[in-house]
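Thanks for coming. I have one structure to go through today, so let me put it on the screen.

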Amino acid sequence: MGNCGIIMDMNIWDKLPKPFLILAPMEGVTDVIFRQVVAKAGRPDLFFTEFTNVSSYASEKGRANALERLEIAPTDSPIIAQIWGKNPEHFAVVAGALEGLGFAGVDINFGCPDKNVNRAGGGAAMIKTPELAVECLQNAKKATNLPVSVKTRLGWSRVDEYKEWLPVLLREHPVALTVHLRTKKEMSKVPAHYELIPEIVRLRDEISPETKLIINGDIKDRAQALELHQQYPEVDGFMIGRGVFANPYCFTEYQPTREDLIELLKLHLRLYAEYDNKVLRNAPSGPSSRASVAPKSPRRRLCSSEPYHHILPYEPLKHFFKIYINNFPGAGEIRAKLMETHSVEEAWKVIEDAGL
Ligand SMILES: Cc1cc2nc3c(=O)[nH]c(=O)nc-3n(C[C@H](O)[C@H](O)[C@H](O)COP(=O)(O)O)c2cc1C
């Protein structure tokens, strides 16, 4: 399906500036709430969802949870849905279904180093089963009119595996290929191998010149991406992951003030409360998958005296506080208090008491 005219019209990848910047998919981080916070700070050219397991989506039991992960908002578009798994039929089912859900494309994760994901045969484990990887990719492409891209690493245990692995992928002509410049074994413990960029560009140019090449790993912000682009002008785009923790404005040239960051925290809390209420409203009778971690005691809504239970887990929200409350006198103390909270209301009170 990949070559007909309709698809060319639909292809977001052809509409992006060069170089373009992408917010990396990050499980437990780049959900619909945080993506809206990043959009407010300064938009990347393209968003990715956290990854969603194709077999979960394909099963009746896992569908609701998968759809929750695939929730998008008007401000985080254009957005690519990232999927992972090892069952080729399930890749087809999900790629087909994604077409109607507002996504601009489908990305396949062949790079995740997580033990559970790899034990299930997905993510970076696919580097060791290239034939299966190709089958999954082909099935996804056949099942959807959306452009299909791939995100991967250099190899499983040796850096030079890229010489065989990347050509396997490029021969399938993915619309875009993101290379996180490390092996699975290296995790994120060594510096990204920028020195390999010219060789990877050469492989792309030789095998699939139409594939957009995106480089990922240790890129902190827009300025660094533009510097890399000067050095490697053949690279089409750059993907930033953890850089957004150090500076949520990393897609811009803007240096945020303390007040800017506090405003982002407040936005994050408001969005959390809004989605929490929405999940609660949509919940069937019993607790949802996410409700299992909800505190047992009733909480209060922000603007009402009606008691309710948190449905979204509150603990993961705490990982974000360091992004916003950092680098000013007293920040450590305020953060410590925020880490003791159990609800948005309590967090709000800490902020107010600190005069922020
Ligand atoms: C908390 C966390 C979750 C991640 N989840 C995903 C994921 O769902 N899909 C994916 O392709 N990569 C995932 N990654 C990898 C990032 O997308 C990116 O490749 C990696 O962090 C290197 O880029 P960076 O140095 O800019 O952070 C994750 C990374 C982190 C830190």
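In which loop does methionine 187 lie? It lies in the loop between E6 and H9.

What you see is a predicted model. The protein has 356 residues, and buried ones make up 41% of them. Its secondary structure comes to 15 helices and ten strands. If you take the contacts with a separation of 6 or more, 70% of them are between residues 24 or more positions apart.

Now the barrel. Eight strands close into it, in the order E1-E2-E3-E4-E5-E6-E7-E8, and the pairing is parallel. From one strand to the next, the twist averages 25°.

Strand E1 covers residues 20–23, strand E2 covers residues 46–53, and the two pair in the parallel sense over two bridges. In that pair, isoleucine 22 has leucine 46 of E2 as its bridge partner. On its other pairing, E1 runs parallel to E8 and is joined to it by four bridges. There, phenylalanine 20 has glycine 237 in E8 as its bridge partner.

E8 also pairs with strand E7, residues 212–216, in the parallel sense, and this pairing has three bridges. Within it, isoleucine 215 stands opposite phenylalanine 238 of E8.

Next, the ligand. Which residues are closest to the ligand? They are Ala24, Met26, Glu27, Gly241 and Arg242, out of 22 residues that surround it. By class, the shell holds eight nonpolar, nine polar and five charged residues.

On to the helices, with one packing example. Helix H8 is residues 162–170 and helix H9 is residues 197–207; their axes come within 10 Å and cross at roughly 35°. The crossing of H8 past H9 is right-handed. On the H8 side, the contact is made by Tyr162, Leu166, Pro167 and Leu170, and on the H9 side by Ile200, Leu203, Arg204 and Ile207. Sorted by class, that contact has seven nonpolar residues, no polar ones and one charged one.

Valine 54 is in helix H3, residues 54–58. Why does valine 54 count as buried? Because 29 other C-beta atoms lie within 10 Å of valine 54, and the cut-off for buried is 20 or more. Leaving aside residues up to four places away in sequence, valine 54 touches Ile83, Trp84, Gly85, Asn87, His90, Phe91 and Val94. Take phenylalanine 91 from that list: valine 54 and phenylalanine 91 are 37 residues apart in sequence, and their C-alpha atoms are 5.9 Å apart in space.

Most residues other than glycine have a negative phi, and most peptide bonds are trans. Here are some exceptions.

Two peptide bonds first. The one from lysine 18 to proline 19 is cis, with omega near 0°. Proline 19 sits in the loop between helix H1, residues 5–10, and E1. The bond from serine 77 to proline 78 is also cis, again with omega near 0°. Proline 78 is in the loop between helix H4, residues 60–69, and strand E3, residues 79–84.

Then positive phi. Histidine 173 is not a glycine, yet its phi is positive, near 50°. Histidine 173 is in the loop between H8 and strand E6, residues 176–180. Histidine 173 counts as partly exposed because 17 other C-beta atoms lie within 10 Å, which is between the limits of 12 or fewer for exposed and 20 or more for buried.

That brings me back to methionine 187. Methionine 187 is not a glycine either, and its phi is positive at about 45°. Is methionine 187 buried or exposed? It counts as exposed because it has 10 C-beta neighbours inside 10 Å, and the cut-off for exposed is 12 or fewer.

That is what I have.

Conventions: Residues numbered from 1 in each chain as written. Predicted model: local features only at pLDDT ≥ 70, side-chain atom pairs only at ≥ 80, totals over all residues. Near = placed C-beta within 6 Å. Nonpolar A, V, L, I, M, F, W, Y, C, P; charged D, E, K, R; others polar. Pairing = 2+ DSSP bridges. Axes fitted to C-alpha atoms, helices over the stretch in contact; angles between N-to-C directions. Left-handed = near helix turned anticlockwise from the far one by under 90°. Contact = placed C-beta atoms within 7 Å.
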